[in-house]
Amino acid sequence: MAANGERVAIGIDLGTTYSCVAVWRNDQVEVIVNDQGNRTTPSYVSFTQNQRMIGDAALNNASTNPINSVFDAKRLIGRKFSDPMVQSDKKLWPFKVIADDNDKPIIVVNHNHKEKRFPAEAISSMVLEKMREISEAYLGSKVKDAVITVPAYFNESQRQATKDAGAIAGLNVMRIINEPSAAAIAYGVDMKACIRGRRNVFIFDLGGGTLDVSLLTFEMEDIQVKTIAGDTHLGGEDFDNRMVDYFVKEFQRKNKMDIRGDPRALRRLRFACEKAKRTLSCNTLATIELDFLYQGIDFYSSITRAKFEELNKDYFQKCMELVEKCVIDSKMDKSNIHDVVLVGGSSRIPKVRQLLMDFFGRKDLCNRINPDEAVAHGAAVHASILSGEFSEKVQSLLLREVTPLSLGLEKHGGIMETIIPRNTMIPTTMDHVFTTHFHNQTNILIHVYEGERQTTRHNNLLGKFVLEIPPYPRGVPQIKVCFQIDEEGILHVSVKEKSNRINMKVTIINDKGRLSRAEIERMVRENEKNKAEDERYKKKVEAKNALENYAYNMRNAINDEDISSKLSLEDKQKINDAIDLVLKWLGINDAAEQDDFERYSKDLSKAFDPIMLKMIKDLSPTDNDVTPSTVGNDKMKRWLQILAKHTLQAVYSTLTGDIIGFVCTVIGDILP
Ligand code: ADP
Ligand code: MG
């Protein structure tokens with residue numbers, strides 16, 4: 001429960017393109033709307049010369065400021081810069097990505113007139129921070145605990161990096177869970193009353209950047225993941241890119257010009273394509289209308305659903321291959337699958353739905369839960385279970401996951417020795433015993449890999465360990481390497497000599513670009529600094545707004561006939577000069593700070609207050625103190641009405657002492 005002061009745990013779906021946050025409250029899931037009233041928030045962060053924007057504001061800013069608007073951090077997280085995927089994505093991003101000394105990708109932007117560098121974790125942490133703020137505003141209490149979801153196919157380093165992003169955002173990441181499993185939990189809660197006996201359910205999650213498929217069985221409260229498959233680089237953005245390429249070529253054909261060198265034009269075209277793609281999910285034709293797209297040339301065109309499907313044929317085919325792989329791995333006949341659940345915005349594409357219905361031989365697919373919200377939904381349920389909240393509806397739900405990739409060691413000759421095969425139910429512990437190759441060997445280098453290929457060079461290196469051992473004849477030491485995967489799918493490796501004769505020291509040489517504790521702490525501090533800067537900027541904008549409002553209200557007041565007729569020319573001139581000075585200063589001093597605006601506001605009231613006070617007193621029948629008895633005075637009433645209409649704010653902020661109390665009562669009495 002989220003009563004003020006109580007600790008509440010949230011579920012965050014940190015998406016490639018959109019994120020969603022939900023909470024379990026009053027015996028049900030509540031998806032939390034953001035400050036714009038939207039139920040999902042763009043995973044965008046945009047930097048300008050004086051502020052940092054996250055979410056909807058950042059997305060809106062992206063077409064005018066493309067090189068400093070960052071998105072797709074999830075496509076970078078836990079990857080190396082030299083990763084072919086990063087290299088090909090980099091060509092499409094308008095923002096700059098470079099490598100650090102450890103081959104870690106670093107995003108470079110210009111913020112506050114300075115070059116700033118961020119790893120993907122820092123950008124994701126800003127999105128997480130935003131999701132936290134959204135929930136705090138909604139719940140009216142501080143939020144710390146969260147369950148964050150990741151694609152089931154995320155590898156070890158991507159999971160760790162996501163956890164680090166949570167830590168930078170100041171969250172206590174209770175658990176990282178797989179997106180399709182979270183969707184399955186949502187399905188389980190929704191269908192609880194209908195599930196009788198064993199039910200096999202296929203979850204198809206096609207989002208902006210990833211495809212995740214899972215086959216699960218539901219039995220009573222037990223949700224067991226059987227198999228998973230997916231692609232961490234297949235989703236809506238890929239479909240958008242195909243459409244962008246198509247229109248870039250069309251523009252080139254029509255105008256003999258290539259717009260690819262212009263990030264703003266490309267960004268505008270990409271937005272239009274994404275919109276057209278959504279239109280094609282319900283219409284068979286979509287139009288693109290972009291005025292002055294490139295060098296003053298307008299671009300008007302259209303695309304049919306058939307053309308869109310043709311452009312993405314291979315991607316859709318790839319989706320189906322992964323669906324098939326998941327079903328084959330489970331050794332289950334597809335006719336035994338009771339439900340196919342659609343998750344992710346791209347699962348709305350009619351062709352994708354058609355292919356799924358054809359494959360499973362069904363006439364219907366399950367879309368009982370909003371595909372944009374299902375993952376956050378399940379994450380919120382899981383968060384409430386982990387925080388020990390009691391609810392009959394969810395209390396006994398038990399989720400059992402499997403490993404997405406095989407984990408193993410490198411054998412002699414670069415061969416992969418699998419220790420934990422993929423699709424093994426977790427948590428799990430498995431080990432492998434090996435020995436030395438040479439006489440008197442004093443250290444052994446152990447390489448830990450993940451992946452399905454026979455040769456390690458095609459798999460993903462997770463880390464290296466050096467074992468220091470005393471010299472023994474070849475083949476004598478019995479070294480046991482133990483792989484333990486915890487509930488979150490995170491791997492812990494330990495090494496022991498079977499007979500305990502050898503005392504071994506394990507050193508981690510390469511942690512694959514993961515942020516160190518010190519780096520995370522530094523980023524937490526930086527994040528606090530950024531937050532303080534955002535706050536300072538907000539206050540400054542508010543102060544500027546208040547000053548501008550004050551000046552215009554004042555001008556309206558003295559231009560009003562009733563008031564104007566009571567002011568001397570000299571007084572009017574004095575006030576007008578003060579207003580002109582402020583408005584002129586506002587026009588040229590964009591970089592001013594909160595204090596400056598407040599100072600000018602005081603100057604303005606210095607000119608305005610005495611004149612206004614004098615007027616009030618002049619109106620008073622007794623000509624000295626203004627007393628409540630003057631309420632009956634029609635002239636006074638009329639004047640106050642005008643004052644209330646035009647300068648309510650000015651009155652509040654300029655009049656002091658007893659008079660303000662009196663004026664407020666009068667205004668309160670005469671306002672409708
Ligand atoms: P992620 O979790 O990867 O951020 P989402 O599940 O939020 O992704 O889905 C976002 C993707 O879905 C975007 O690429 C968006 O263009 C796409 N999308 C949303 N609605 C539709 C629709 N009606 N038709 C086709 N694609 C859609
Ligand atoms: Mg998603």
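Predicted model: local features only at pLDDT ≥ 70, side-chain atom pairs only at ≥ 80, totals over all residues.
**Entry 1**

I looked up the confidence next. The protein averages a pLDDT of 85, and 87% of the residues score at least 70. I've put a pencil mark beside both stretches.

**Entry 1: the whole protein**

How many helices and strands does the protein have? I got 18 helices and 27 strands. There are 672 residues, and 55% of them count as buried. The protein exposes about 30,800 Å², with carbon and sulfur atoms supplying 48% of that area. I checked the contacts too: taking those between residues at least 6 apart in sequence, 66% join residues at least 24 apart.

**Entry 2: the largest pocket**

The largest pocket has a volume of about 930 Å³, and 47 residues line it. Nearest its centre I found Thr17, Tyr18, Gly207, Gly208 and Arg278. Strand S2 (18–25) gives two or more residues to the lining, and so do helices H2 (73–76), H7 (236–255), H8 (263–280) and H12 (374–386). Which of these elements gives the largest share of the lining? That's H8, with six residues. Sorting the pocket lining by class, I got 18 charged, 16 polar and 13 nonpolar residues.

**Entry 3: the cavities**

Searching the whole structure turns up eight cavities of 30 Å³ or more. The largest cavity holds about 160 Å³ of space. It has 19 lining residues, and Phe154, Arg159, Thr403, Pro404 and Gly489 are the closest to its centre. Helix H5 (156–168) and strand S12 (172–178) each put at least two residues into this lining. S12 has the largest share, three residues. By class, the cavity lining has nine nonpolar, six charged and four polar residues.

**Entry 4: isoleucine 176**

S12 made me curious, and I picked out isoleucine 176, which lies in that strand. Is isoleucine 176 buried or exposed? Its relative accessible area is 1%, so it is buried. I listed what isoleucine 176 touches, skipping residues up to four places away in sequence: Ile148, Val150, Arg159, Thr162, Lys163 and Glu488. As for Ile148, it is 28 residues from isoleucine 176 along the chain, yet their C-alpha atoms are separated by 5.1 Å.

**Entry 5: back to lysine 531**

I ended where I started. Lysine 531 lies in helix H13, which covers residues 517–559. Which residues is lysine 531 in contact with, leaving aside neighbours within four places in sequence? I wrote down Arg52, Glu129, Arg132 and Glu133. Arginine 52 is 479 residues away from lysine 531 along the chain, while the C-alpha atoms of the two are separated by 9.0 Å.

Conventions. Residues numbered from 1 in each chain as written. Chains lettered and ligands numbered in written order. Heavy atoms only, no water. Helix = DSSP H or I, 4+ residues; strand = E, 2+ residues; numbered from the N terminus. Buried < 20%, exposed > 50% of the residue type's maximum accessible area, 1.4 Å probe, protein only. Contact = heavy atoms within 4.5 Å. Areas by Shrake-Rupley, 256 points an atom, 1.4 Å probe, with all protein chains shown as cover. pLDDT = per-residue confidence, 0-100. 1 Å grid on protein atoms, 1.4 Å probe; cavity = no way out; pocket = protein on both sides within 12 Å on 5 of 7 lines; lining within 4 Å. Points joined across faces, edges and corners; volume = space filled by probe spheres on them. Nonpolar A, V, L, I, M, F, W, Y, C, P; charged D, E, K, R; others polar.
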